Structures are given as structure tokens and as C-alpha cells.
Amino acid sequence: MIPYGKQEITQQDIDGVVEVLQSDFLTQGPKVPEFEQALTRHTGASYALAVNSATSALHLACLALGLGKGDLLWTSPITFVASANCGLYCDAKVDFVDIDPKTYNMCPNKLEQKLIEAKAIGMLPKVVIPVHLCGQPCDMQAIGALAKEYGFKVVEDASHAIGGRYHDEPIGNCAFSDITVFSFHPVKIVTTAEGGAAVTNQKDLADKMSLLRSHGITRDNEKMVGESHGGWFYQQIDLGFNYRMTELQAALGVTQMKRLDDFISARHHLANRYYRKLSDLPLELPYQLENTYSGLHLYVIRLKLDDISSSQREVFEALRAKGIGVNLHYIPVHTQPYYQGLGHREGDFPSSEQYYKEAISLPMFHGMTEQQQDEVVRVLTEILTEK
């Protein structure tokens, strides 16, 4: 089976992890700060906080921005559920903004229209989370301008997008957002096995997220109530969590980040080959927003169902049966039973729902060979041209 995504682990990665295993620190040692420094060097952001998952990073970002009971968070329906769940963790209400049918990202025009309507009834969001689906950057300049006009905070969910660029600047520089979140799950561009990070240019947000990722505990005398009892002393000054990244994970992240440019270059090489080899098939191929450079975590095709004799499900299952490990990213969040229970309904976001009926994620990973890719193309062509 050719998987839709796969990590690449080299001897350099293994040596980095073994070095930590043989050191004095398995957690809360020097590797986490080293990994965080690699992230700030790459993105240009002022601060980076490594955590145990992107879900944790999203939660911390919302808490740092003061999201709470009675507040509203808006995000895209086409994302993993974590982009929405983080708002519910904070006891806020969650709503969605439909996608642009070309980019599959949050549509700035639909966002603006929804903001106009929300302002009229006094229901503006406190936080908006645009999602860089597949690694394709959202139109952050437009979203950032709306944030200034309507007074909401922006968290970029860049779980798919490390290594991508927007207006020739790295995703994660937070030029149009308050916080950017990355994922380092095994199928992502860079992996720490499990893990995530939040980057920001605002010290107060970085300090808040740092406090909350480790139980709300501080050893900083200036933040304590009263005087320290001695060198062992700490105080819990907020209700935090154990969202820390281990030294083992960070060591893997450090070595993986050294190959980030190679990872992205290989993905673009594969994407260019897909474009050439699939252009004559009844498919809609990925569109690239002007002045952007995708991280290409995923390569999503959309079936032109009126031009083929098979259904989406039949194409998907035929590919899997022939050893092509395709997937589908994502089921619209508002159609999930839990969110239906919160009052969301099918039909609320038609562009997202239409996308879901046509999309299939083809294999895309750094170590994918041209021979494997040719096999994907061959099988897909065979299925789509069957009478």
C-alpha cells in the first residue's frame, strides 16, 4: 500500500534521540529550547512554545487570548475537529465561515459578509482561526485587515503549512495574526512523533502560554505572591495543564527542521509531476493563491463527477483496493454528530459540503519515489477512464 503520508526518519534523527536517551534529561532539558529556537529562526517570530500536540497549542492560544464563556470563535468547516474544539474547551461558542471553492480555505468575502451581519446583532467573534489547508496559505492580508476593522484576534492554524510562504515571507511570522500553530504529527511535513508549537510576536501571549503549558506553575519571584521559601519554591498562580513536549520529541524536531527545505522541495517536485500527469483527467487540480508558496502537506484532487461513471466512494474504494492509500481531508466539522447537537445543520456551508462530496487526498510525502507516484497515476487513470 502506498500511504497518503509518511514520515522520514534518518540515522541523524535516530542519533539525536539516542543522545537524549543517554543524557541526564528526558524532559524539561535543553532540547526543547533548541527546537523552539529552530522554529523562531525559520519563521522570524519572536517567541515559540513547543507542546505535546497542535491541539494543545490551539487550546493554549485561545486561553492566552482570553477566550471564555459567552465568547465566539469562528473557523473553517474544512479542517480537523481540533480547530473548532479548542473553542469549546474554553466554554466559548463555535461557528464557521464557508470556504473559497478554489483554495479550500476560509473565504475572506464570506468572512466579511458574516462579520457585517454579526456586528448588526452584536455577535462578533473574539477569535477567528483560518486554516491553511493542505499547506496552502489563507489570504492573511485580507483576514488581518478585517481583524483590525472588527476587533477580533487571529490564530493561524498552520498545522499543514510549515515551510510554506505568504507574500514571500515564511508562514508563522505572525505578520497578520496574533499566534500561529504548527503540528508535528508523523504524517505532517516535520515530525516530532506527536507534538505541536505556537509562535507569536507578543511577549504577554508567549508568557501566558508558557505558564499554562506547565500547570500554571512559576518559579519567577516577580510573579509570586509573597516571598520565596527557598531554592525549591514554586507557586501555582493559574490553572494550567501538562502540555509539555519531551526532550525526545524535541531532539527529533531539531534534526527534522534541518531538512525542512529538502522536504518542501521534494513535495513541490511531486506536485509538479502530478499536475503534468493528471491534467487530462476529469479532475480539478489544486489551485495556488497568488503570492503564496504551499507547504504541500496534502495533494487534494476534486472529481468531476458529471464526467465520470463512478461515484466518489467507488473511486476511493477502488484506489484503496489497488494499493493506493488515499484519504479524505476533511469531513465538514459542522456535519459531525456532536456539532449537530450544538445546532449546526447540513446545508449551512454549501461550498464546504460540495468540496467534501468531490475531494480525495492522493499520496504525498517526502520519501515518495517517482515510481510510486507513477503507479498512483496509472491506477487513478485506469479507474477514471473505465466505462
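**A covered strand and its surroundings**

Guide: Strand 9 and strand 10 (residues 196-200) run antiparallel and are joined by five bridges. The model is a predicted one. Within this pairing, the residue opposite Val181 is Ala198 of strand 10. Strand 9 also pairs with strand 6 (residues 153-157), here in the parallel sense and over three bridges. Val181 takes part in this pairing too, as the bridge partner of Asp157. Strand 9 itself covers residues 179-183 and is mostly covered, with five of its five residues buried.

The side chains of a regular strand alternate between the two faces of the sheet. In strand 9, Ile179, Val181 and Ser183 point one way, while Thr180 and Phe182 point the other way, and all of them are buried.

The side chains of Asp157 and Ser83 form a polar contact of 2.6 Å. Ser83 belongs to helix 4 (residues 82-89), and its relative accessible area of 2% makes it buried. Apart from neighbours within four places in sequence, Ser83 is in contact with Leu58, Leu73, Thr75, Ile129, Val131 and Asp157.

A polar atom of the Gln136 side chain lies 2.6 Å from the backbone oxygen of Tyr287. Beyond its neighbours within four places in sequence, Gln136 has contacts that include Thr103, Asn105, Gln288, Leu289, Thr292 and Ser294.

Tyr104 lies in the loop between strand 4 (93-96) and helix 5 (108-120). Its phi is near 70°, a positive value in a residue other than glycine, and Tyr104 is buried, with a relative accessible area of 4%. Gln28, in the loop between helix 1 (11-21) and helix 2, also has a positive phi, near 55°, and is likewise a residue other than glycine. Gln28, however, is exposed, with a relative accessible area of 53%.

Helix 2 (residues 31-43) and helix 8 (residues 247-257) have axes that come within 8 Å and cross at roughly 35°. The crossing of helix 2 past helix 8 is left-handed. On the helix 2 side the contact is made by Lys31, Val32, Glu34, Phe35, Ala38, Leu39 and His42, and on the helix 8 side by Glu247, Ala250, Ala251, Gly253, Val254 and Met257.

Arg213 is placed in the loop between helix 7 (203-212) and strand 11 (217-218). With a relative accessible area of 15%, Arg213 is buried. Leaving aside neighbours within four places in sequence, the contacts of Arg213 include Glu36, Leu49, Ala50, Val51, Leu60 and Phe241.

The other sheet is open and has three strands in the order 13-15-17, with antiparallel pairing. Strand 13 (283-284) and strand 17 (359-362) stand at its edges with a single partner strand each, so one side of each has no neighbour in the sheet. Strand 13 and strand 15 (residues 299-303) run antiparallel and are joined by two bridges, with Glu284 opposite Arg302 of strand 15. Helix 9 (residues 260-278) packs on this sheet, touching strand 13, strand 15 and strand 17, and its direction makes about 20° with that of strand 15. Helix 12 (residues 350-358) also packs on the sheet; it touches strand 15 and strand 17, and its direction makes about 90° with that of strand 15.

Helix 9 also has a helical partner. Its axis and that of helix 13 (residues 370-384) come within 11 Å and cross at roughly 30°, which means that helix 9 is roughly parallel to helix 13. The crossing of helix 9 past helix 13 is right-handed. Among the residues that meet are His269, Leu270, Arg273 and Tyr274 in helix 9 and Glu370, Gln373, Asp374 and Val376 in helix 13.

The bond from His329 to Tyr330 is cis, with omega near 0°, and Tyr330 lies in the loop between strand 16 (324-325) and helix 11 (337-340).

Notes: Residues numbered from 1 in each chain as written. Predicted model: local features only at pLDDT ≥ 70, side-chain atom pairs only at ≥ 80, totals over all residues. Heavy atoms only, no water. Pairing = 2+ DSSP bridges. Helix = DSSP H or I, 4+ residues; strand = E, 2+ residues; numbered from the N terminus. Contact = heavy atoms within 4.5 Å. Axes fitted to C-alpha atoms, helices over the stretch in contact; angles between N-to-C directions. Buried < 20%, exposed > 50% of the residue type's maximum accessible area, 1.4 Å probe, protein only. Polar contact = N/O pair within 3.5 Å; in protein donor to acceptor, adjacent residues only side chain to side chain. Parallel < 35°, antiparallel > 145°, perpendicular 65-115°, else oblique. Left-handed = near helix turned anticlockwise from the far one by under 90°.
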